[in-house]
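This report concerns selected local features of a single model. The sequence and structure are shown below.

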Amino acid sequence: MSDAEIIARLRTILGGIAPDLDVATIGPHDDLRNDIGLDSMDFLNFVIAAHEQLGMNVPEADYGKITSLVKFARYIAAR
């Protein structure tokens with residue numbers, strides 16, 4: 001799966017977590033917490049949903065590595 005395909009999947013997952021967001025306008029490099037305003041619970045729910053739908057486990061120690069859609073996609077692709 002390419003980065004673009006993973007990002008598209010992550011956008012879909014994010015839309016399910018935060019339906020008030022227009023996920024199509026979120027840039028791949030936008031910071032999920034600072035730029036689009038995910039709070040800590042939304043971020044955690046996003047990581048959990050990604051785990052459930054993509055089979056990708058992200059330990060809490062790695063949360064700093066997945067701060068944008070592109071970083072999360074690359075994290076997934078590397079594993």
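Ser68 lies in the loop between H2 and H3; helices are DSSP runs of H or I with at least four residues, numbered from the N terminus. Its relative accessible area of 3% makes Ser68 buried, a term that denotes under 20% relative accessible area with a 1.4 Å probe and protein chains only. Leaving aside residues up to four places away in sequence, Ser68 touches Pro28, His29, Asp30 and Leu32, where contact means heavy atoms within 4.5 Å.

The model is predicted, with local features requiring pLDDT of at least 70 and side-chain atom pairs pLDDT 80 or more, whereas totals for chains, interfaces and linings use all residues. Residues are numbered from 1 along each chain as its sequence is written, and side-chain values use heavy atoms, without hydrogens and water.

## Helix H2

The buried residues Phe43, Phe46, Val47, Ala49 and Ala50 belong to H2. They cover an arc of only 165° around the axis, taken from the directions from the helix axis to the C-beta atoms, and so are on the same side of H2. Helix H1 (3-17) and helix H3 (69-78) are included in what covers the buried residues of H2.

Gly55, which follows H2, has a positive phi near 70°.

## Contacts between H1 and H3

Asp3, Ile6, Ile7, Leu10 and Arg11 of H1 meet H3 residues including Leu69, Phe72 and Ile76.

Key. Buried means under 20% relative accessible area, exposed over 50%, partly exposed in between (1.4 Å probe, protein chains only). Helices (H or I, at least four residues) and strands (E, at least two) are DSSP runs, numbered from the N terminus.
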